[in-house]
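Subject: Structure handover

Hi there,

Here is the structure I promised to pass on to you.

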Amino acid sequence: MQNNSRWHYLETAEQVAEAACQQILNAATSAISERGKFKLVLAGGGTPEKVYRLLTESNADWANWHIYYGDERCLPADHQDRNSLMASRVLLDNVAIPANQVFTIPAERGPEQAAESYRLTVAEAGAFDMVLLGMGEDGHTASLFPGHQHQQDELVHAVYNSPKPPPERVSISAKALSNTRELIFLITGANKQEAVNLWRSGSDLPVATIEPENPIDIYIDSDAFKP
Ligand SMILES: O=C1O[C@H](COP(=O)(O)O)[C@@H](O)[C@H](O)[C@H]1O
């Protein structure tokens, strides 16, 4: 487990979403006042979806938000299982973030081509202001799966043989996800308990390989872990 982690234990997934939403809005306000923009990396998954829905209720300075994705599934651009489709439906179609500030992973082109293209995007982005991540029940995060080998220096990986469908994906690397001022993990649901226990007891899971310089924040509900 990362040494510099702050665990926020909340009763319900709704409370997790509310607390994370507040931290995101605070980070956006600071980033925009200090550097003129807010570079946010989105995650897929059910808990992030709740957070995105809450964000739409706020009066944020959307014109200065820049949106990236931690991972994407290699499916047609309008496929319902695309992370970008969920984010558009719930958040991006409902707030005034300029379209040219939304950097979707072109995963419909297949893992290699999409990864190659997104490497340029991530290199140009530089350090992110905030990265949002979920964790799968096997301890994967973004599309970094246990047992998969990648070139550690790459900013974006082409992913094959994902144990969770679809098998082909694209993922920002642990190195590039760690290049962020703030990082939030959103973890809810009883199916995450085993991976959470392994992570906390020092297992070498993908979720443990994201190590930004600043402390990370882990928002977790009582189904996933009871302190
Ligand atoms: O496949 C994925 O899974 C992880 C975890 O999702 P969850 O629904 O189990 O919380 C998610 O973070 C990632 O973006 C997604 O592509």
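Before we get to the packing, one definition: two residues are in contact if their C-beta atoms, placed from the backbone, lie within 7 Å. Please keep in mind that this is a predicted model, in which local features need pLDDT of at least 70, side-chain atom pairs count only at pLDDT 80 or more, and totals for chains, interfaces and linings use all residues. Residues are numbered from 1 along each chain as its sequence is written. Helices (H or I, at least four residues) and strands (E, at least two) are DSSP runs, numbered from the N terminus. Axes are lines fitted to C-alpha atoms, for helices over the stretch in contact, and angles run from 0 to 180 degrees between N-to-C directions.

The six-stranded sheet

Helix α1 (residues 13–35) lies across β1, β2 (38–42), β3, β5 (128–133), β8 (180–187) and β9, and runs at about 155° to β9. Those six strands make an open sheet with parallel pairing, in the order β1-β9-β8-β5-β2-β3; strands pair if DSSP finds at least two bridges between them. At the edges stand β1 (5–10) and β3 (65–69), each with a single partner strand, so one side of each has no neighbour in the sheet. From one strand to the next, the twist averages 20°. Strand β9 (residues 216–221) runs parallel to β1, and six bridges join the two. If you want a place to start looking, Tyr9 has Ile220 in β9 as its bridge partner.

The three-stranded sheet

There is also an open sheet of three strands, ordered β4-β7-β6, and here the pairing is antiparallel. Its edges are β4 (71–73) and β6 (156–159); each has a single partner strand, so one side of each is left without a neighbour in the sheet. The twist in this sheet averages 15° from one strand to the next. β4 and strand β7 (residues 169–172) run antiparallel and are joined by three bridges, with Glu72 standing opposite Val170 in β7. Helix α4 (residues 111–125) lies across β6 and β7, at about 170° to β6.

How the helices pack

α1 and α2 pack at an angle of about 55°, with axes 9 Å apart. That makes α1 oblique to α2, since angles under 35 degrees count as roughly parallel, over 145 as roughly antiparallel, 65 to 115 as roughly perpendicular and the rest as oblique. The crossing of α1 past α2 is right-handed, a term used if the near helix is turned clockwise from the far one by less than a right angle (left-handed if anticlockwise). On the α1 side, the residues in contact include Ala13, Val16, Ala17 and Ile24, and among those of α2 are Thr47, Val51 and Leu54. By class, this contact has nine nonpolar residues, one polar and three charged. For these classes, Ala, Val, Leu, Ile, Met, Phe, Trp, Tyr, Cys and Pro count as nonpolar, Asp, Glu, Lys and Arg as charged, and the others, Gly among them, as polar.

Helix α2 (residues 46–55) also packs with helix α3 (residues 83–90), at an angle of about 30° and with axes 9 Å apart. That makes α2 roughly parallel to α3. Here Glu49, Tyr52 and Arg53 of α2 meet Met86, Ala87 and Val90 of α3. This contact has four nonpolar residues, no polar ones and two charged.

Around the ligand

There are 14 residues around the ligand, and Ala43, Gly44, Gly45, Gly134 and Gly136 come nearest; a residue is near a molecule or strand if its C-beta atom, placed from the backbone, lies within 6 Å of it. The shell has three nonpolar, nine polar and two charged residues.

Two backbone details

A cis peptide bond, with omega of about -5°, joins Pro165 and Pro166. Pro166 sits in the loop between β6 and β7. Ala142 is not a glycine, yet it has a positive phi of about 45°; this residue is in the loop between β5 and β6.

Best wishes
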